[in-house]
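Walk me through this fold, one step at a time. Start with a strand, then follow what surrounds it.

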Amino acid sequence: MPTLGEWLANGPFGVAMSSGFFAFYAHTGMAAALLARGLRPIHVAGSSAGAMVAGAYGAGIDPESHGRVLSQLRREDFWDPRLGWGVLSGNKFDALLREMLPIARIEDCRIPVRISVFDILARRTRVLETGDLATAIRASCAVPGMFHPVWIDRRPYWDGGILDRPGIAGLPPGRLLYHHITGPVFPIPKRPDMVTLVLDGLPRANPFRLDAGRRALDLARIATDRALDQPIERGVVRIRV
């Protein structure tokens, strides 16, 4: 069996990153390890935390730079309680994204980006490939109960992971590396030509434990570098951190 690194180097591949509460730290560490080996995806996709990292990567922010931004994140930078369908209005999060992102539109990204969001009225996943990038990321990250819904074209949207946790709904056929954030009721999806990377044991961050996120970023980078030298077994490479 080839190693993960050999499989990725063997031809063009995409990257999809799953939802997972504050898992953008782990996704960023994973992406940094790929780039350090010269492994660059031809397109990226994600839901929720995965959408944030996919959008930043597609916009041209290298993972190391993104990691430095995340390492400086404080709760007060995005914590803006306001009455509504959730604790936080999301306005501070929107401002953070616009300050960080070097481009405004999804279609202007350096590599194609697909962001999954949940259409509240239609009760289905919508995949965004055009439109305002910061708004799309914020909508995909709008965890029900935590954030107010995000309005796009007069329709309200919530977290893309509600129905598309893997963030792969809008991807075309082809070779795909899927970074799976584990959970007790989240099975690995099935898809042809897909290899799943699972990093077990990463610290779990939340708004009150951002230090755990910083540790997760560093550990995910190290674990992914190890994973690249491991053989693929039944479409999965699993590393215990």
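**Around strand 1**

Strand 1 pairs with strand 9 (residues 176-180) in the parallel sense, over four bridges. Two strands count as paired if DSSP finds at least two bridges between them. Helices (H or I, at least four residues) and strands (E, at least two) are DSSP runs, numbered from the N terminus. Within this pairing, Met-17 has His-179 of strand 9 as its bridge partner.

A word on the model. It is predicted, so local features need pLDDT of at least 70 and side-chain atom pairs count only at pLDDT 80 or more, while totals for chains, interfaces and linings use all residues. Residues are numbered from 1 along each chain as its sequence is written, and side-chain values use heavy atoms, with hydrogens and water left out.

Strand 1 covers residues 14-17. Gly-14 and Ala-16 point one way, Val-15 and Met-17 the other, and all are buried. Buried means under 20% relative accessible area, exposed over 50%, and partly exposed in between (1.4 Å probe, protein chains only).

Strand 1 also runs parallel to strand 2 (residues 43-47), joined by four bridges. Here Gly-14 stands opposite His-43. What do strand 1, helix 2 and strand 2 make? With helix 2 at residues 24-36, they make a right-handed β-α-β unit. Right-handed means that, with the strands pointing away from the viewer, the path from the first strand over the helix to the second runs clockwise.

Now take the loop between strand 1 and helix 2. Gly-20 sits there. Gly-20 is buried, at 15% relative accessible area. From Gly-20 to Ser-48 is 28 residues in sequence, and 7.1 Å in space, C-alpha to C-alpha. Leaving out residues up to four places away in sequence, Gly-20 touches Ala-49, Arg-165 and Ile-181. Contact means heavy atoms within 4.5 Å.

Next come the rings. The structure holds eight aromatic pairs. Rings of Phe, Tyr and Trp (its six-membered ring) pair if their centres lie within 6.5 Å; planes under 30 degrees apart are stacked, over 60 edge-to-face, and the rest tilted. Phe-22 and Phe-78 have ring centres 5.9 Å apart and planes at 55°, so this pair is tilted. Phe-22 lies in the loop between strand 1 and helix 2, and Phe-78 in the loop between helix 4 (63-71) and strand 3 (86-88), so the pair ties together parts 56 residues apart in sequence. Phe-22 is buried at 10% relative accessibility, and Phe-78 is buried at 5%.
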